[in-house]
Amino acid sequence: MIKVLYAGSPEAARLTLQHLIESQSSCGFEIAGVLSNPPSAKGRHKDLIPTPVAQYAAEQGIPVFTPEHLDSAARDSIRPLGADLLVCFAYGHIFGPKFLELFSLGGINLHPSLLPLYRGCTPVPAAILNRDKHTAVTIQTLGLKMDEGDILAQTVIDLNGTETGESLLNYSAEEGARLISELLSECSKNGKLPSGKPQEGDASYTGIIKKEDGKINWNDAAFITEAKIRAYYPDPGCWCLENGIALRILEARLFTGECETDTADAVPGTVLAFSKSDGILIKTGDGILAVRKLQRQGKNAMDYKSFMNGARNFIGTVLE
């Protein structure tokens, strides 16, 4: 039976780990240990909270390793596991040659894009931002250069324009887990990973998304802002300013109906009207956005109808 060290950190990676644990006995492998980021300080009291992957693994009785660095001490602690293969999804660190040498069968990585498109750490938001018609879940070999490994398996995903960063990443996590389980089953039977296929075509790269990247520019066209709201949900989120106070826009749609308010002289960012069926209508640089869920700073998130019940003077406000 193949022994696997699983490396991952966020909630999506926990979903993949859960599926792998559920399928390990039938597919001929064992999750021998889990590698994850160290606990981080959260909340008012700055309590140290483990990553979703680390917490779930501990609940399943699986050894958990959370080193700050993948140095010799980290390697010495992991080596006794005798893991044959490293399986990675959204761990957050680069693996050096000495670390990869711990695994006789090497390592594989789940990357949610149609490689070589969108290498890097934010492929899911990139596909949504660019309003792509297709993306993919790719399983590739782990190498020393970021996301340049050979492709072992790949499933194309059709996009319909309603996906959020959260929903698409979670779907990719579950679909990727299925592909990994199939690969590990084959590897268990043959004693090695299947041959991979080198990536073909021009590569593109994605970078870290910061909170300020979520600032809405109301001069942008409505379709651009709508895609951005979906891509950045829930993190880092999209926001604007309402009289100098942060206002998060959590859900919106393109408005294609007739607005009863005269929009000719309104500047982008103007709250035009309230539609019971569509949402709060806001003018953009090109078109109208119908906001359906939003959240004022320090308040709970609300649907647009509940929000308007307590926002009598919101119509006519110019958001920045």
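Helix α1 (residues 11-27) and helix α6 (residues 165-190) pack at an angle of about 30°, with their axes 8 Å apart, in what is a predicted model. Local features here need pLDDT of at least 70 and side-chain atom pairs count only at pLDDT 80 or more, while totals for chains, interfaces and linings use all residues. Residues are numbered from 1 along each chain as its sequence is written, and side-chain values use heavy atoms, with hydrogens and water left out.

**Helix packing**
- The helices α1 and α6 are therefore roughly parallel to each other (angles under 35 degrees count as such).
- Residues of α1 that meet α6 include Ala12, Leu15, His19 and Cys27, and among their counterparts in α6 are Leu169, Ala173, Ile180 and Ser188, contact being heavy atoms within 4.5 Å.

**Strand β1 and its neighbours**
- Strand β1 (residues 2-8) is largely enclosed by the rest of the structure, because 6 of its 7 residues are buried (under 20% relative accessible area, with a 1.4 Å probe and protein chains only).
- With strand β2 (residues 29-35), β1 pairs in the parallel sense over 6 bridges, where pairing requires that DSSP finds at least two bridges between the strands; the bridge partner of valine 4 in β2 is isoleucine 31.
- Between β1 and β2 the chain crosses through α1, and this β-α-β crossover is right-handed, that is, clockwise from the first strand over the helix to the second with the strands pointing away from the viewer.
- Strand β6 (residues 85-89) also pairs with β1 in the parallel sense, over 5 bridges, and cysteine 88 in β6 is the bridge partner of alanine 7.

Terms used. Buried < 20%, exposed > 50% of the residue type's maximum accessible area, 1.4 Å probe, protein only. Helix = DSSP H or I, 4+ residues; strand = E, 2+ residues; numbered from the N terminus. Axes fitted to C-alpha atoms, helices over the stretch in contact; angles between N-to-C directions. Parallel < 35°, antiparallel > 145°, perpendicular 65-115°, else oblique.
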